[in-house]
Amino acid sequence: MLFRSAGARFFRADAVEYGRASVAPLTAEFTRMPTARLFLSLGLALAAMWPSHAQDPETWYRDKQVRMVIGGGVGGGYDLYARLLSQYMSRYIPGRPAFVNQNMPGGAGITATNWGAKIAPKDGTVIISTYHVLLLEPLFGNAATEYHPPDLEWIGSMAKQQNICMTWHASKVKTIDDAKKAEVTVSATGTSGHTHIIPTMLNSLLGTKFKVIAGYQTAESRLAVERGEVEGMCGMSWSTLKAASPEWVQAKKINLLLQTGNAPHEDLSEVPLLMNFVTDQNDRKVLGLISSPDDMGRPFFMPPGTDRRLVAMMREAFDKTMVDPEFLADARKRLLEIEPLPGARLRDMLAEAYQTPKALVERAKAFMK
């Protein structure tokens, strides 16, 4: 009875793909074998017959859903970018699977990234939107991380990041020099996020007096500025700010103190560049390492161990989406900047970062403390 029940279940599912005519001859042959050989042969036969994405990747996504797991809360920059990608990417995947968005905030993105690396299904039905700042956390020894970025299957990044330090218009701190003379409170989501790392690093590099208040959700960190709970934010993405709080920019409600990156953003030609404040060559190398994830901006990955052919399909679909005229027009309408980075290039950049000499890594860790 057990054999008939299990066999019936498997053959019934298999018949959808291969046709019921193939079942009868196999069943007749198996029933003539001794019991032990019968079960062994049945297992091998079913394994060979069972539909597999490895056998037929072009049809694997037919009638399936792809989960877009977003490491931040609803309304944040990563959420806005991920949901835009979900809306258009399916049209370039064979089988056109439906995308379902799922927010998994926690640990400034670490919760979702750990889940994607250790727990998520490896069947090609999961994509994770992670924070770019998390890409070096294992290198810096963050004990909460359970992932190794060079091992993840990178799909690509939608845009670079240009981070800013800002205060609310009512604050007396209006320049980076002011922040060296008076304490200024800034909100942050968690200790591993840029809104914590950058002000802490500036305190070490420049002698500023930022006091970081951590523990806010993504959208709450901006509300804290408006409510006067803190004076500003330091390490926030300029593209996120423009998309999530455009009225701050349009009504000139903020003071822009500083920007990161190797060159000024086209919108921020008058805002001082952090790199210009640092003259020591070793410090500049450290700053280059710490800021290297900025070029990786809005990254997406699939769990390690996902079939490489499915990864290749997703990379191709991502690349095609990034040049889709309708997608680009929608991004402009939402005030989202698109400056994509292919998955293979993202993988190579991470491999290079993880070969950084230990002495330089230790110096970077000291700054961030």
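A residue is called buried when its relative accessible area is under 20%, exposed when it is over 50%, and partly exposed in between (1.4 Å probe, protein chains only). This is a predicted model, in which local features need pLDDT of at least 70 and side-chain atom pairs count only at pLDDT 80 or more, while totals for chains, interfaces and linings use all residues. Residues are numbered from 1 along each chain as its sequence is written, and side-chain values use heavy atoms, with hydrogens and water left out.

**Figure 1. V311 is a buried residue of helix α12.**
V311 lies in helix α12, residues 308-321. Helices (H or I, at least four residues) and strands (E, at least two) are DSSP runs, numbered from the N terminus. V311 counts as buried because its relative accessibility is 2%. Contact means heavy atoms within 4.5 Å. Apart from neighbours within four places in sequence, V311 is in contact with E153, I155, M302 and T306. G343 is 32 residues from V311 in sequence, and the two are 9.5 Å apart in space, C-alpha to C-alpha.

**Figure 2. The whole protein has 15 helices and 11 strands.**
Of the 369 residues in the protein, 51% are buried. Among contacts with a separation of 6 or more, 78% are between residues 24 or more positions apart.

**Figure 3. An open sheet is formed by 6 strands.**
The strand order is β2-β1-β3-β10-β4-β11, and the pairing is mixed. Two strands pair if DSSP finds at least two bridges between them. β2 (98-103) and β11 (341-342) stand at the edges with a single partner strand each, so one side of each has no neighbour in the sheet. Strands of a sheet pair through backbone hydrogen bonds, either parallel or antiparallel. Strand β1 (residues 65-70) and strand β3 (residues 126-129) run parallel and are joined by 4 bridges. In this pair, I70 stands opposite S129 in β3. Helix α5 (residues 110-118) packs on the sheet and touches β1, β3 and β10 (299-302). The direction of α5 makes about 150° with that of β3. Such angles run from 0 to 180 degrees between N-to-C directions, and axes are lines fitted to C-alpha atoms, for helices over the stretch in contact.

**Figure 4. V126 is a buried residue of strand β3.**
V126 is placed in strand β3. V126 has a relative accessible area of 0% and is therefore buried. Not counting residues up to four places away in sequence, V126 touches R67, V69, W115, A120, P121, F301, M302 and P303. V126 and M68 are 58 residues apart in sequence, with 6.2 Å from C-alpha to C-alpha.

**Figure 5. Strand β5 is buried on both faces.**
In β5 (residues 163-168), 6 of the 6 residues are buried, so the strand is largely enclosed by the rest of the structure. In a regular strand the side chains alternate between the two faces of the sheet. On one side of β5 are N163, C165 and T167, and on the other are I164, M166 and W168; all are buried. β5 runs antiparallel to strand β8 (residues 232-237), with 5 bridges. β5 also runs antiparallel to strand β9 (residues 254-259), with 5 bridges. I164 stands opposite M236 in β8 and opposite Q259 in β9.

**Figure 6. Helix α4 meets helix α13.**
The axes of α4 (residues 77-89) and α13 (residues 325-333) come within 10 Å and cross at roughly 155°. That makes α4 roughly antiparallel to α13. Angles under 35 degrees count as roughly parallel, over 145 as roughly antiparallel, 65 to 115 as roughly perpendicular and the rest as oblique. L84, Q87 and Y88 in α4 meet E326, F327, D330 and A331 in α13. These contact residues divide into 4 nonpolar, 1 polar and 2 charged. Ala, Val, Leu, Ile, Met, Phe, Trp, Tyr, Cys and Pro count as nonpolar, Asp, Glu, Lys and Arg as charged, and the others, Gly among them, as polar.

**Figure 7. R83 is a partly exposed residue of helix α4.**
R83 is placed in helix α4. The relative accessibility of R83 is 30%, so R83 counts as partly exposed. Leaving aside neighbours within four places in sequence, R83 is in contact with I70, V74, N101 and N103.

**Figure 8. Helices α7 and α15 are roughly perpendicular to each other.**
Helix α7 (residues 194-206) and helix α15 (residues 358-368) pack at about 100°, with axes 7 Å apart. I197, T200, M201, S204 and L205 in α7 meet A366, F367 and M368 in α15. The contact of α7 with α15 has 6 nonpolar, 2 polar and no charged residues.
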